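Biologist: I have not seen this structure before. Please show it, and then I will ask about it.

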Amino acid sequence: MARVRLSVAERREELLRAAVEQIEARGVTAVRIADVASALGVSNALVLYHFSTKEKLVAAAFAYAAEDDLARLRGLLGRRTTALRRLRAAVRWYAPTGQAKGWRLWIEGWSAALREPALREVTRDLDRQWKAALSEVIAEGVTAGEFECPDPAGTALRLTALLDGLAVQLTSYGGSVSRARAQQWVDEALGRELGLLQE
């Protein structure tokens, strides 16, 4: 059966989807160009034509994997409701107890980023985008008088650090903390950061 001819953008997206799947299955360090090519029934040369190196393919795959989550975050934070409700929805969704997918992928990515400059730049940029989005909605809530927070950027950093750390505990060390307990800690931290009484 002949392969359908894809545009450059379509082919690139197909390769990125396959790369994400292979990274999830094999891990960042073990995945090879040949694995991605084989999964699609294409040549190694085609993959290299689009990405030139494994490192560039992996960095692009992580950026691709984050696009859906970032779009969802923007959607949650852009709703027509109070800043507090938007913030709670975003934090609960992002939390390892929520529906945000791919924590294993991101934990592997953070580890590989220690040695891979291209991946480090991608993960750093994505981290900045998450923190900036949370900081912005926190500042909106302060302006609207919904809660108090003297340092929205610091609060965003502390919240994401807590969420990331809990993700490692829940993903890598199953049973070390329950999902219910992790969610309770996240809710308590958010309440403390915003000067709110627990409801």
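Biologist: Where is the place of S52?

Modeller: This is a predicted model, in which local features need pLDDT of at least 70, side-chain atom pairs count only at pLDDT 80 or more, and totals for chains, interfaces and linings use all residues. Residues are numbered from 1 along each chain as its sequence is written, and side-chain values use heavy atoms, with hydrogens and water left out. Helices (DSSP runs of H or I, at least four residues) are numbered from the N terminus. On that numbering, S52 sits in the loop between α3 (44–51) and α4.

Biologist: Is S52 buried, partly exposed or exposed?

Modeller: Buried means under 20% relative accessible area, exposed over 50%, and partly exposed in between, with a 1.4 Å probe and protein chains only. S52 has a positive phi of about 65° although it is not a glycine. Its relative accessible area is 41%, so S52 is partly exposed.

Biologist: In which helix is confidence lowest?

Modeller: Confidence here is pLDDT, given by the predictor for each residue from 0 to 100. The chain has a mean of 88, and 94% of its residues reach 70 or more. Helix α2 (residues 33–40) is highest at 95, while the lowest mean, 83, belongs to helix α6 (residues 103–113).

Biologist: Which element gives the most to the lining of the second largest cavity?

Modeller: A cavity is a set of points on a 1 Å grid over the protein atoms alone where a 1.4 Å probe fits but cannot get out, and lining residues have an atom within 4 Å of a point. The lining of the second largest cavity includes K54, L57 and V58. α1 (8–26), α2 and α4 (54–77) each supply at least two lining residues. The most, 3 residues, come from α4.

Biologist: Is Y94 buried or exposed?

Modeller: Y94 lies in helix α5 (residues 83–94). From A83 it is 11 residues away in sequence and 16 Å away in space, C-alpha to C-alpha. Its relative accessible area is 9%, so Y94 is buried.

Definitions and conventions:
1 Å grid on protein atoms, 1.4 Å probe; cavity = no way out; pocket = protein on both sides within 12 Å on 5 of 7 lines; lining within 4 Å.
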